[in-house]
Amino acid sequence: VRLLRAGAFAGDPVGRALRVRLLGWGLGLGVPLTVVTAVAGPDWLLMDRYVVAPLVAVGLIGLVGRLLDRTNGTGPVVTGVSALGRMAMTGYVAQNVLLMFVCYGFGLGLAERMADTGRWWVLVLWAVVSLVLVVSSLLWLRGFRQGPLEALQKKVLSRAR
């Protein structure tokens, strides 16, 4: 909210300057700190998760913003990611449900079955789930204005007034 209020998502020079700063601080400091905490071992897990990861997230916000600044805002990737952004809460919940059924023992149990194969499969799984979420969002938004959880939230909040 503070980034939005500060104008970080605006298409003006102030927004572009803020995105450059977010990118520089977030990735310039966050990525090296991620390497340090990974090498330091499990004792640094809390630092990695609760300090470094949010810093990297800020850098990724800046990176995405800068990439969008350099495009004309169209194309399949921008359209797909924008659709998923309009359904962010639904996408987040769907991601977690999908991965529960794929990774845990009550589903496919992929985490246990792939445990000794290295980490490559996690990247493949991430790419597949991301593609499923983007395509699902595009298809859903052809028939509806917003995602199902966003519609539910709007309905609940409208009755709270």
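Biologist: Which residues are linked in a network of salt bridges here?

Modeller: Let's take the general idea before the case. Side chains of opposite charge can pair when their charged atoms come close. In this predicted model, the network links Arg19, Arg66 and Asp69.

Biologist: How many salt bridges does the structure hold?

Modeller: There are two. One joins aspartate 69 to arginine 19, with 2.9 Å between the closest N and O atoms. This pair ties together distant parts of the chain: arginine 19 sits in helix H2 (residues 13–40) and aspartate 69 in helix H3 (residues 45–69), 50 residues apart.

Biologist: And what about the salt bridge between aspartate 69 and arginine 66?

Modeller: There the N to O distance is 3.6 Å.

Biologist: Is arginine 19 buried or exposed?

Modeller: Buried means under 20% relative accessible area, so arginine 19, at 5%, is buried. Arginine 66 also counts as buried, with a relative accessibility of 18%. Aspartate 69 has a relative accessible area of 29%, and that makes it partly exposed.

Biologist: Now for nonpolar residues. Which residues make up the largest nonpolar core?

Modeller: Again, the general idea leads. In soluble globular proteins, nonpolar side chains tend to be buried together. In this structure, the largest nonpolar core has eight residues: Val102, Cys103, Leu110, Met114, Trp121, Leu125, Val129 and Leu133.

Biologist: Which helices each supply at least two residues of this core?

Modeller: They are helix H5 (88–103) and helix H7 (120–143). H7 gives the most, with four residues.

Biologist: Could we zoom in on one core member? Which residues is leucine 125 in contact with, leaving aside its neighbours within four places in sequence?

Modeller: With those neighbours set aside, leucine 125 touches Leu99, Val102 and Cys103.

Note on methods:
Residues are numbered from 1 along each chain as its sequence is written. This is a predicted model: local features need pLDDT of at least 70, side-chain atom pairs count only at pLDDT 80 or more; totals for chains, interfaces and linings use all residues. Side-chain values use heavy atoms; hydrogens and water are left out. A salt bridge is a side-chain nitrogen of Lys or Arg within 4 Å of a carboxyl oxygen of Asp or Glu. Buried means under 20% relative accessible area, exposed over 50%, partly exposed in between (1.4 Å probe, protein chains only). A nonpolar core is a set of buried Ala, Val, Leu, Ile, Met, Phe, Trp, Tyr and Cys residues joined through side-chain atoms within 4.5 Å. Contact means heavy atoms within 4.5 Å.
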